[in-house]
Amino acid sequence: MVSVDVRSVSKAWGDTLAVNDVSFAVNEGELVVLLGPSGCGKSTMLRLIAGLDEPTAGAIAIEGRDVRGLTGAARGVAMVFQSYALFPHLTVADNITFGLSVRGIARAQMAQRLEKIAGLLGLEALLKRKPAQLSGGQQQRVALGRALIAEAPVCLLDEPLSNLDAQLRQDLRREIRALQQRLSITMIYVTHDQTEAMSMADRVILMRGGRIEQNGRPADLYECPASLFTARFIGGAPMNFLDLDDGPHGAVIAGTTGPALFTASGRGRVLGLRPEDVTVDSVSGRSRLHATVTAVEYLGAEALVTCMLGERALLARTRGDSAPPVGAAVGLVWDAAAGHLFDATSGRRLSETGAGSLSPQLHTVSNQGSIRA
Ligand code: ADP
Ligand code: MG
């Protein structure tokens, strides 16, 4: 069942359209991440759902009800902000139950809910402390507790972990996800961090300049980016982009005379290749695409290897223990299906559109297909 329904919503601040004709739905019990660079309209969208601002155009329904003009509590939403915004003079317990006492919930029921939430978040031993006596991670847990105790049908989180260090962020994002699944909370989670989005979300909505760039499962965005923007934004190491041109035997890397990468036209197209899909082979191996290693970034289990194809740098990911040395001459190979083809002008993906047959025709330069099983 649809829990939050956003229909053609726009929000203008003066001349700026912070949110521009955005539509999406969030199902009950689903964790949807609004992802995108700073300034793309994520917080504005969340505040519109929370009832902190009203849309300039469009409508928002929660649990089937148009919520225009209703407060957050009346809409059935609770929100967690990036700044914990705890009351410094109140104890942890009072901070968590503040919203309930304002709403006149009975003491016994309040105590019961507090016990449950404190247990879920591991805050039992800290209930009598003041916020100043807590670490950043503990303060963020209190802020989360304050939102969860409301037992609102929808929980909204705006970059709740960005003030924390990397290890704590990783721990807490797992905790939030586990809690969300255990309690079947409908959650909309805002972040600019693609790792956070990909690792937590049932669905990711990638935003750009107030619009939705792509809405899909994390694997959809990774495996089938609809545009150069998505391709660039999603993925651990950045995707390689090679401008193509027409050579005598098919598409070639622009500025080179070959070898041909595939038989169709390359002009005006960009080939995207993830570093993890590029295999570094020996020069005598199966590739006619030769390069020189100019840098190796060793990361333990893996290494990021920069290979120069003439003037162009191509990043390849290898096992940490099998990275070639700097200066090595290598051959580069990739699986036919690993290539992503985009229109250079519009930035849109080509391989699944009218030019449908292009993707299967992408092949390794040696015509030997994939070297991966
Ligand atoms: P994000 O959360 O993705 O970083 P925001 O939603 O905060 O982006 O901002 C989107 C755009 O709207 C930005 O250009 C920002 O400057 C503008 N904006 C946000 N809030 C306000 C406001 N209260 N008044 C004027 N402009 C705003
Ligand atoms: Mg923001």
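In what order do the 5 strands of the open sheet lie? The legends below describe close-up views of a predicted model.

View 1. The order is E14-E18-E15-E16-E17, and the pairing is antiparallel. Strand E14 (278–282) and strand E17 (312–319) stand at the edges of the sheet; each has a single partner strand, so one side of each lacks a neighbour in the sheet. From one strand to the next, the twist averages 45 degrees.

**View 2. The pairing of strands E15 and E16.** Strand E15 (residues 290–298) and strand E16 (residues 302–309) run antiparallel and are joined by 6 bridges. Opposite Val 293 stands Cys 307 in E16.

**View 3. Helix H6 along its length.** Helix H6 comprises 17 residues, numbered 166–182. The distance from its first C-alpha to its last is 24 Å, close to the 24 Å expected at 1.5 Å a residue. Just after H6, Ser 184 takes a positive phi of about 50 degrees.

**View 4. The buried and exposed sides of helix H6.** Leu 172, Arg 173, Ile 176, Arg 177, Leu 179 and Gln 180 are buried in H6. Seen down the helix axis, the buried residues of H6 fall within an arc of 165 degrees, and they therefore line one face of the helix. The exposed residues Arg 174 and Arg 182 are carried on the face of H6 turned away from its buried side.

Key. Residues numbered from 1 in each chain as written. Chains lettered and ligands numbered in written order. Predicted model: local features only at pLDDT ≥ 70, side-chain atom pairs only at ≥ 80, totals over all residues. Heavy atoms only, no water. Pairing = 2+ DSSP bridges. Helix = DSSP H or I, 4+ residues; strand = E, 2+ residues; numbered from the N terminus. Axes fitted to C-alpha atoms, helices over the stretch in contact; angles between N-to-C directions. Expected span 1.5 Å × (residues − 1). Buried < 20%, exposed > 50% of the residue type's maximum accessible area, 1.4 Å probe, protein only. Arc of directions from axis to C-beta.
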